[in-house]
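These are my notebook entries on a structure that I looked up piece by piece. Each entry records one thing I wished to know and what I found.

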Amino acid sequence: MKKKPESRMALNIDIEYVAKLASIPLDLAEKRIFNKQLPEILRYISQLNKVNTEKVEPVGHVTGLVNVTRDDKPAPSLTQEEALANAPKTYNGFFEVDAIFEEK
Amino acid sequence: MNLRKYEAVIGLEIHIELKTNSKMFCQCSAEYFGARPNSHTCPICLGLPGALPKANVESIKLVQKLGLALNCNIQLSNKFDRKNYFYPDLAKGFQISQYDQPLTSNGFIYIKNQVEQPKKINITRAHLEEDTGKLTHATINNRSVTLIDFNRSGVPLVEIVSEPDMHSSDEARDYAQKLQQIVRYLGISDADMEKGSMRIEPNVSLRNAGDKILPLYKIELKNINSFKFAQAAIEYEIERQTIILDSGKIPQQETRGWNEVKKQTVSQRSKELAHDYRYFPEPDLVPMQFDKIFISKLKTKIPELPAEKIKRFQKQYGLSAYDVDIITNDVDIANFFEQANIAYKKNTPKKIANWIIGELLRRLAQSNQKISQLDILPASLAELLYLIDSGEITNSSAKEIFNQMIKTGNTPKNLLKLMKIKSISPDELDLLVSKVLLANQQAVKDYKAGKTASIGFLIGQLHKKTQGQASPHLAKELILKKLNK
Amino acid sequence: MIIHNYTIQEASKLIAKRKIKVYEIVKAYIDKAKKLNHQFNSFLTISEETALMKAKKVDQLIADHQKLGPLAGISLAVKDLFSTKGIRTTAGSRVLENYVPVYDATVISRLNNAYTITIGKTNLDAWGHGASGENSDFGLTKNPYDPSRVSGGSSSGSAVAVATGASLAATGTDTGGSIRLPSTFCNLVGLKPTYGRVSRYGVISMASSLDTMGHITKTVFDNALVLNVTAGFDFFDSTTSQKPTDDYVSDIDKGVKGLKIGIPREYFQSLNSEIKGKILSAVKILEKFGAKVIDVSLPHTEYGVAVYYVIQTSEVSSNLARYDGIRFGFDRSKFGAEAKRRIILGTFALSAGYYDAFYLKAMKVRRLIRGDFLNAFKKIDVLICPVSPTPAFKIGEKKNDPISMYLSDIFTVNANLAGIPSLAVPCGFVKNSNNGSDPGLPVGMQIIGPDFSEKMLYQVGFAYEQETKWYLKSPKI
């Protein structure tokens with residue numbers, strides 16, 4: 001699927017791809033700045049390569065808690081009015097967005 | 001089956017909504033069907049800023065039960081992960097799911113292959129995740145818009161992923177139906193395709209007949225809301241891909257949706273980008289750990305499953321494989337059968353089976369209902385059979401009454417009065433038999449003199465008197481009883 | 001005494017004895033907040049009407065001889081990441097400029113139930129992204145000790161609200177230093193509690209595995225009073241601990257006799273000598289009171305910021321995915337530069353092919369960093385180290401250099417990565433100008449302890465504070 005192990009950190013970012021993946025619109029000026037800044041940050045982060053972590057398990061939860069669940073009991077929901085209170089566009093109790101087309 | 005150049009390789013991803021009282025990560029009621037839009041929502045399932053999930057313990061248990069029923073390993077260490085992608089029905093911009101530690105994995109079930117032999121279908125995993133909101137497309141004031149209802153958002157879903165072990169649309173259909181049956185036996189979901197509580201996403205590709213390796217591409221099929229469409233979509237894909245392969249090309253890996261109007265699959269928005277889901281462990285939920293004692297306790301809560309029930313019914317009731325298949329298809333019917341059989345103390349399972357298959361199931365199919373929607377009791381069927389046995393009603397009256405029992409849930413005796421069906425009480429019948437014998441002394445003499453054929457005449461006379469309310473079989477029995485005194 | 005110089009402890013006594021009306025105090029704080037806001041920009045919303053109404057109600061309850069607890073009538077400023085039902089909550093971002101929550105964060109409910117009075121929502125680096133306060137989409141917050149300098153961030157408005165006498169306490173969030181840094185830059189006491197001690201429910205998430213909910217006050221005692229209300233298990237936050245809370249106020253004057261204080265050498269190696277001097281003289285005072293001072297090593301300290309900028313940005317990228325402008329707020333084009341930078345970086349770190357090298361690697365080094373602390377706490381009770389390598393820096397000084405801005409957190413991020421509590425306590429001033437009446441720029445130290453050791457941290461902080469009382473040195477405004 002994904003996540004092939006890669007021992008070294010990359011020092012460059014495909015800004016176009018990542019911005020699309022993150023659904024973040026960037027203008028030209030932003031792209032120019034990020035193209036300069038992000039590799040610098042990655043270079044800084046790459047000092048982690050110096051740490052030997054071969055036998056180290058990743059931290060799961062620092063709390064050490066497990067099995068925190070709740071019983072299957074319902075409780076009152078928000079009202080429809082509350083649910084929609086902050087929505088920019090609604091219609092008949094629904095949230096509304098411009099049409100999403102699933103088919104080509 | 002004709003020899004084909006290619007062999008279809010089919011795997012199924014099936015999503016089933018779990019029947020819990022509350023949603024998976026919040027306390028909103030999970031019974032959203034038919035509710036006003038966005039009336040079953042809260043900060044958590046709407047993904048409001050700051051809201052955090054809290055896992056419903058029941059949803060976890062239901063997946064583990066299913067895992068046990070599907071012969072899966074129940075993983076002792078689990079966690080939830082975030083699956084990140086954008087879509088307007090996904091409130092948080094990520095779905096809480098499970099990536100590398102599913103609750104259950106490595107199972108199998110048996111289906112029937114082309115020649116009705118059992119075939120093993122391997123199950124890769126069954127994991128827990130949350131459902132999304134529901135999109136509706138509409139035109140408002142000449143504008144195309146999409147409307148979103150988050151009532152479904154956060155309802156627990158189990159995703160069952162099979163290995164690509166199926167090679168025909170029939171096998172795929174049988175697998176999906178078997179899975180549906182198991183889920184319903186467990187009582188963990190209605191698994192209703194039309195209501196969307198069960199969704200099938202087949203992936204289909206073709207390889208050269210005889211090849212063992214998997215094809216380099218696969219087509220994922222979506223938007224399927226019945227077994228029939230699933231089968232049609234797979235058939236369509238096999239044809240479409242055959243044409244492409246024949247022309248020397250390789251089909252493009254993509255997601256395609258089934259368009260029921262056009263009866264074809266159509267390419268959906270390229271999901272290439274969306275496949276980079278950036279899974280990482282959900283930091284707002286702590287890991288889960290289970291021990292073997294918990295799992296073995298859970299095992300004791302697994303009811304008898306279809307395969308076992310079929311074996312037992314054949315053995316215990318001596319029914320044909322055909323009858324058993326039909327009766328055990330719906331666990332509620334199977335239970336109805338067993339209870340009616342107990343109530344009707346004549347140890348005639350075949351008779352009960354005939355009434356269920358010939359009458360009950362036929363009428364349910366006509367009205368497109370399930371027995372769980374009816375009030376009819378198994379004891380009522382037994383009561384009805386006793387009425388026939390005593391000669392009070394004929395078989396055809398009984399069928400009329402049964403139809404009303406299905407519709408109203410009323411008992412046969414009540415219906416007998418309400419429907420004003422002509423019936424004869426045993427005393428009345430006895431009196432009529434005596435009257436017939438008295439009025440036809442000659443025939444009685446003839447019979448006693450050895451002319452047994454005269455019995456037919458006497459039965460005919462009784463038939464007239466009762467206006468057909470007593471069955472010929474019973475009439476003969478009663479007349480003989482009196483003649484032989 | 002001037003109302004604005006009160007501590008909670010003092011105000012609480014006067015209120016309980018009915019020597020002063022809650023309404024009077026709240027009104028004074030609101031007036032001050034309004035008056036100073038154009039100058040320091042510490043409040044994004046001032047909820048005058050609801051605050052005054054509630055003040056009257058609390059006065060009525062007190063007049064009816066109800067026992068309300070020590071926080072009754074105490075005016076509170078709330079960082080604008082905490083959801084407040086009916087009061088606009090912006091996260092300091094244009095994306096949420098008009099967002100009015102329909103529910104309260106757990107911390108807010110608890111404080112409301114303790115009869116505190118929220119006078120307004122405070123400015124911050126948008127989404128909590130920043131060390132200076134300059135990343136707010138609604139303008140930066142200025143430092144009251146020198147308005148040409150930053151207030152520290154991201155809980156910038158919260159610190160300035162308390163420092164300028166516009167509030168008695170303020171809530172904050174600390175993901176990498178966001179409470180401790182502004183507390184230090186503004187001569188205040190700031191607590192970053194143990195991860196899991198205070199509920200995160202209803203507080204706009206920055207990085208879920210690092211976020212902690214704390215608060216800023218003038219004194220250590222005041223700080224303990226607030227934690228008494230906010231701490232504890234929350235049904236709605238799966239990461240909160242069931243471990244019983246302490247009474248953080250009782251025995252706060254226990255002293256430090258016999259206490260073993262660790263000095264982590266990595267935090268002092270290339271430290272500004274003036275700041276180093278202030279911290280070490282604070283340690284001297286504790287030593288004088290009977291504490292033992294021990295040199296310790298936390299060998300993975302230097303990797304903290306790198307680990308932090310992988311984990312934090314990864315979680316940020318996911319936590320900010322819900323802002324799509326459909327159910328609330330504006331769409332994603334309204335994110336500011338720093339949010340975009342972090343979203344891009346975090347999305348990249350989690351994307352196909354890079355997860356192991358970045359996120360997974362960082363989570364492993366994170367374990368080593370926590371391990372450093374756990375090892376140290378086998379030998380010592382608490383650690384003392386600086387909060388910041390420098391005092392408040394000049395506005396604009398680091399604005400265009402993300403790495404140097406990120407390095408402001410170099411001494412604070414490790415406590416977040418380890419999940420352990422840290423109390424920032426003022427420990428003096430360094431010279432800022434030749435003006436004789438200028439108190440200079442505040443310096444602070446961190447008192448760091450093992451999981452759930454908040455009570456001990458307060459005892460240490462209190463012992464030191466009783467001797468020095470730096471909180472009496474108000475800014476000249």
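Before reading any element name, I noted the definition: helices (H or I, at least four residues) and strands (E, at least two) are DSSP runs, numbered from the N terminus. I also noted that this is a predicted model, in which local features need pLDDT of at least 70, side-chain atom pairs count only at pLDDT 80 or more, and totals for chains, interfaces and linings use all residues. Residues are numbered from 1 along each chain as its sequence is written, while chains are lettered from A and ligands numbered from 1 in the order in which they are written.

**Entry 1: annotated residues of chain C**

I looked up which residues UniProt lists for "active site", and the unreviewed entry gives Lys79(C), Ser154(C) and Ser178(C). Such positions are given in the numbering used here, feature names are shortened, and annotations may be inferred rather than shown by experiment. The three are spread over 100 residues of sequence, yet they cluster in space, with a largest C-alpha distance of 11.0 Å.

I then placed Lys79(C) in strand β2 (residues 75–79) of chain C. Is Lys79(C) buried or exposed? A residue is buried if 20 or more other C-beta atoms lie within 10 Å of its own, exposed if 12 or fewer, and partly exposed in between, with C-beta atoms placed from the backbone. Lys79(C) counts as buried because it has 33 C-beta neighbours inside 10 Å.

Ser178(C) sits in the loop between β6 (169–174) and α6 (180–185) of chain C. Ser178(C) is also buried, as 36 C-beta neighbours lie inside 10 Å. For contacts I used the rule that the C-beta atoms of two residues, placed from the backbone, lie within 7 Å. Leaving out residues up to four places away in sequence, Ser178(C) touches Gly128(C), Gly153(C), Ser154(C), Ser155(C), Gly172(C) and Thr173(C). With the same exclusion, the residues that Lys79(C) touches include Ser155(C), Gly172(C) and Thr173(C).

**Entry 2: where chain C meets chain A**

I found 50 residues of chain C in contact with 48 residues of chain A. On the chain C side, α9 (304–319), α10 (337–350), α11 (356–379) and α12 (402–406) each supply at least two residues. The most comes from α11(C), with 13 residues.

**Entry 3: chain B as a whole**

I recorded 15 helices and 17 strands in chain B. Buried residues make up 44% of the 485 residues.

By an automatic or database domain assignment, chain B is divided into domain 1 (6–297), domain 2 (306–418) and domain 3 (426–483). The C-alpha centres of domain 1 and domain 3 of chain B lie 68 Å apart.

**Entry 4: a sheet and a helix residue in chain B**

I traced an open sheet of nine strands with mixed pairing, in the order β3-β7-β8-β11-β1-β12-β13-β14-β15 (chain B). Two strands pair if DSSP finds at least two bridges between them. The edge strands, each pairing on one side only, are β3 (73–74) and β15 (264–267) of chain B. Strands β1 (residues 6–17) and β11 (residues 156–162) of chain B run antiparallel and are joined by five bridges.

Lastly, I found Val63(B) in helix α1 (residues 57–69) of chain B. Val63(B) is buried, with 29 other C-beta atoms within 10 Å.
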